[in-house]
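Colleague: Thanks for sitting down with me. Could you walk me through this one, starting with the DNA side?

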Protein chains: 2
Amino acid sequence: MSTTSGKTLGGRRAQAARNDEVILEAARAVFLDDPKAPIAAVADRAGVGISALYRRYAGKEDLLRQLCHDGLRRYVAEAEAALDEPDDWAAFTGFLARVVDADVHSLTVHLAGTFTPTEEMGRDAMRAGELATALVDRAHASGRLRPDAVVHDLGLLLEACAAVRVPDPERTRQLRRRQLAVLLAGLSSASGADPLPGPPPAAGEFDWRWRRRE
Amino acid sequence: MSTTSGKTLGGRRAQAARNDEVILEAARAVFLDDPKAPIAAVADRAGVGISALYRRYAGKEDLLRQLCHDGLRRYVAEAEAALDEPDDWAAFTGFLARVVDADVHSLTVHLAGTFTPTEEMGRDAMRAGELATALVDRAHASGRLRPDAVVHDLGLLLEACAAVRVPDPERTRQLRRRQLAVLLAGLSSASGADPLPGPPPAAGEFDWRWRRRE
DNA sequence: AGCAGAGCGGAACGATCCGTTCCACTGCTA
DNA sequence: TAGCAGTGGAACGGATCGTTCCGCTCTGCT
């Protein structure tokens, strides 16, 4: 392999470029499993030294921020893709299934508070909220979503799915799908007549994680 | 107040007896909020010194074990109480509501792995399982619980409710009740016809937490 | 009245743990 | 072939936390 300046590089450069990906993947895996894992765990998992990490990121906070922002972008992308789906209810459920599968919730909410967010993340988060609202509105319009369900019930739903975790990742995905199925059944208009109790979840109630904790 | 040897004591002894309770309450509050909180946080919250803690418990592990065992006993007690309820479905839902309110799940599952369990806890856990099965069986018999729901779906359900957490405890309770309502609606026979996906949660799948971790 | 000690507060200690830095080394790249 | 981008990993300094220990207070008994 290799050229002087082409796209595919051989030797050292190629390895370095590949490490970019390897490290990000390792970081995702490690921090999904434990949001406050040591940075050395990421290096180990990636099979590289610590220097390889610090060459790319100024510090742990940078890495976390990057990871979280990626998750946020993924959320937005999935939402946009879902809005292309013609069937309102399918768009809604498909979006949730993909977000749950990708474990986007753990990547975003569970990592919050460990770094200071950028302005761009704020904008993306806002856009994410708008898209989610659009999906919920369409689900409401389809008549399949119970009328007393609100956008922020998605927060509860995603949290519930993310909370399911067993050692085997594939099994985790299966169980989360089951959990999602139960929740969607519960949120559908078909289910029992008595309304959902308590004041519905509101806008600011899940942002508290974003305010610096430890 | 005070006598020489009566039941109500004044002064030092009384304070000590009262501290037993104060410390346990503080420990519950603190470790519910953060399962790996430092022991000093418990002392602070209780408004006592660290010595007051170490006078009562051999170490952190002892305290955690006690707390967890208490939660387990509470679970069993609520289940037994629920079985006295004549209405099958009400027994089922009432039990879950009380267990969710008391945050028993966080007290047991989330504290697991931080200590070596006693044999008695093993027995209590087994009894808990039997009682839960009895409640689910009755719920099935009532025809209100969808047939493809299994006992261990309760694990998913409780995890989902315990995952809901906001700074204000009372608000947390409300949101958990809402979550529970959605899940129960989803588990009721009234909901959609399509069966729950994936292999149902099985016996050993949630015990992994109990095997020592860190 | 006086004393022994139960009960306690909190400083201090030692063991980890973890983020970050630093330096020596390797093998491309120019 | 010279130089440096890229790297591995030891080492450091700070922080955290469980546990111990010492000195004090004030009670309950003689």
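Predicted model: local features only at pLDDT ≥ 70, side-chain atom pairs only at ≥ 80, totals over all residues.

Colleague: Which helix gives the largest share of the surface near DNA strand D?

Modeller: Both protein chains take part: helix H1 (11-33) and helix H3 (50-54) of chain A each supply at least two residues, as do helix H1 (11-33), helix H2 (39-46) and helix H3 (50-54) of chain B. The largest share, four residues, comes from H1(A).

Colleague: And for DNA strand C, which helix has the largest share?

Modeller: Two or more residues each come from H1, helix H2 (39-46) and H3 of chain A, and from H1 and H3 of chain B. By class, the surface holds 10 nonpolar, 10 polar and five charged residues. With four residues, the largest share belongs to H1(B).

Colleague: How are the two protein copies related?

Modeller: Chain B superposes on chain A by a rotation of 180°, with 0.0 Å of shift along the axis and an RMSD of 0.0 Å. The copies are therefore related as by a two-fold rotation axis.

Colleague: What percentage of the contact residues of chain B recur in chain A?

Modeller: The contact takes 29 residues from chain B and 29 residues from chain A. The same surface serves both copies, and the share that recurs is 100%.

Colleague: Which helix gives the most to the side of chain B that touches chain A?

Modeller: Two helices of chain B, H8 (153-163) and H9 (169-187), each supply at least two residues of that side. Its residues divide into 18 nonpolar, seven polar and four charged. The one that gives the most, with 11 residues, is H9(B).

Colleague: Last one from me: where in chain A does pLDDT stay under 50?

Modeller: Chain A as a whole averages a pLDDT of 92, and 93% of the residues score at least 70. The stretch you ask about has seven contacts beyond four places in sequence in the model. In chain A, that stretch is residues 1-7.

Note on methods
Residues numbered from 1 in each chain as written. Chains lettered and ligands numbered in written order. Contact = placed C-beta atoms within 7 Å. Nonpolar A, V, L, I, M, F, W, Y, C, P; charged D, E, K, R; others polar. Least-squares fit on C-alpha atoms with pLDDT ≥ 70 in both. pLDDT = per-residue confidence, 0-100.
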